[in-house]
Amino acid sequence: MYMSTRLFGTTGIRRIYGREFTLDMALDLGKTLGTYLNGNRVVIAYDTRTTGAMIADAFAAGLMSTGVDVVYAGMIPTPTLAFITQNRGFDAGVMVTASHNPPEYTGVKFWRADSMGYTPEEEARLEEIYNAKKFKVAPWNKIGTVGTIEDAVSQHIDALLRICDVERIRSRAFKVIVDPGNGAACVLTPYLLQRLGCSVLSINSQPDGHFPGRRSEPDEESLVDLVNMMRATHADLGVAHDGDSDRVVFITERGEVVRGDRVIALLSQEVLSVKGSGSIVTTVDSSQIVEQTVTAAGGKTIRTPVGDIQVAMKMREENAVFGGEACGVFIFPEFHLAPEPFLAICRVLEMMARTNKRLGELLEQVPVYPLRKTKVNCDNDKKNDVMAILKDRLPKIMSETTNVLTVDGLAVFVREGWVLVRPSGTEPVIRITCEATSEETVERLLQDSKRAVLEAVENKV
Ligand code: MG
């Protein structure tokens, strides 16, 4: 199943506006959700993309035509939409966003009344209705109404502050630099930090769907300006978001862009120090440092396929205490089951305030292991066969295999590292990711696994 044949990807719908996603599709998607829900109230919001308000209007018209009342929450972060959906008792939440994709993309992500994203099963049901085009039609006197929520962001901030040690953070008057990347966090993160007594500096903080400041995906390459600003201003912490702000990436006082899995390890340790035990959920591509830290702190690590919804579903099933993805997703079940980057910021500041250490110092106990990636060309129609061969072969050729996971692609764990082999969902390639405790081992894992994939592709087994 690839993008061309399916409407929904790993997380909702994301497509290029005008070419792959049209206004008519937005209208039909609104009718689809209205037909599926048979409910009476849906909240709708959008991020800073140029297409956001227009797509939301078309979607809302579709919903109303089925008799569903629509409430607009405006331009807000995705987690705020998820929060409002649950907190104000809506039947569903709709976020018009393409997350961290380039500016020409648009898309839609669906949220349930319990703050969790729509599961793949729920999305499949929507897709069936969308394709069948047998929509519910309300008569003229049963058309849905329109309303607005003006204070979604301040409600979200208030709820966050209620579960944080605000006084302790305020007492430290941290200097924090925010880089919302011209995305939805422009309207939230600087104000949250102000309420926490921080001195706030910001860059790329005017909402702008052209994303003039940097690429929407926050990574080492796109955050160069923020890193330079950290060094020039001697700030205590840097935070950066993606376009719809369901992710946060932290930058230490030393100007280091921190991998999300190290922060998951750190926050897991914190949660487990209070709870004593519990499950931590993360995706197959997270560092082994998560297991190492979680095990040492008395907890258990569970791995899922990639995608924040996979983490959320497993967290609910296992009653987990915390979860996240290495790309900067953090989920706190005490708040809700949506990614919650803002609470992650609060928790990091709490730790800094309590320990009197900054993030770089706190992370000294969480080592960075070398990570390497490569890819091998493979026709889409050969991928299943190649993966079947590898499932049998790869664990045998790796020395000292300790564990094999097939929840998403093939993950082989060895004593000093791991290899993840996954067919790309969008390109004719198979991706290989390796991590190990030393450069020498990671290089060996990469070469061995690449050879095995090449052999399987060429069918020389
Ligand atoms: Mg996102």
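Biologist: Where does N101 lie?
Modeller: This is a predicted model: local features need pLDDT of at least 70, side-chain atom pairs count only at pLDDT 80 or more, and totals for chains, interfaces and linings use all residues. Residues are numbered from 1 along each chain as its sequence is written, and side-chain values use heavy atoms, with hydrogens and water left out. Helices (H or I, at least four residues) and strands (E, at least two) are DSSP runs numbered from the N terminus. On that numbering, N101 sits in the loop between β4 and β5.

Biologist: Is N101 buried or exposed?
Modeller: Buried means under 20% relative accessible area, exposed means over 50%, and partly exposed lies in between (1.4 Å probe, protein chains only). The relative accessible area of N101 is 14%, so N101 is buried.

Biologist: Which residues is N101 in contact with, leaving aside its neighbours within four places in sequence?
Modeller: Contact means heavy atoms within 4.5 Å. With the sequence neighbours set aside, the partners of N101 are R14, R49 and S216.

Biologist: What is the relative accessible area of D244?
Modeller: S99 is buried, with a relative accessible area of 5%. D244 is buried too, and its value is 1%.

Biologist: How are the planes of F59 and F110 arranged?
Modeller: Rings of Phe, Tyr and Trp (its six-membered ring) pair if their centres lie within 6.5 Å; planes under 30 degrees apart count as stacked, over 60 as edge-to-face and the rest as tilted. The whole structure holds seven aromatic pairs. F59 and F110 form one of them, at 6.0 Å centre to centre. The angle between their planes is 50°, which makes the pair tilted.

Biologist: Which residues do ring pairs link into a cluster?
Modeller: F59 is in helix α2 (residues 52-65) and F110 is in strand β5, 51 residues away. Both are buried. The ring-pair cluster takes in F8, Y36, F59, F110 and Y118.

Biologist: Which ring does R41 lie over?
Modeller: A charge sits over a ring if NZ of Lys or CZ of Arg is within 6 Å of the ring centre and within 35 degrees of the ring normal. K133 has its charged end over the ring of Y130, 3.9 Å from the centre. R41 is 4.1 Å from its ring centre, over the face of F90.

Biologist: What span should helix α12 have at 1.5 Å a residue?
Modeller: The expected span is 1.5 Å times one less than the number of residues. Helix α12 (residues 341-355) has 15 residues.

Biologist: Which residues have the most contacts inside the largest nonpolar core?
Modeller: A nonpolar core is a set of buried Ala, Val, Leu, Ile, Met, Phe, Trp, Tyr and Cys residues joined through side-chain atoms within 4.5 Å. The largest such core has 68 residues, and its largest share, 10 residues, comes from α12. In α12, 13 of the 15 residues are buried. The residues with the most contacts inside the core are F250, F330 and L349.

Biologist: Which residues is G323 in contact with?
Modeller: G323 is in strand β13 (residues 322-325). At 0% relative accessibility, G323 is buried. Leaving aside neighbours within four places in sequence, its contacts are V281, V311, M315, V329, F330 and I331.

Biologist: How many residues of α9 are buried?
Modeller: Helix α9 (residues 260-275) reaches 22 Å between its first and last C-alpha, close to the 22 Å expected. Just after α9, G276 takes a positive phi of about 85°. The helix is largely enclosed by the rest of the structure, because its buried residues number 12 of the 16.
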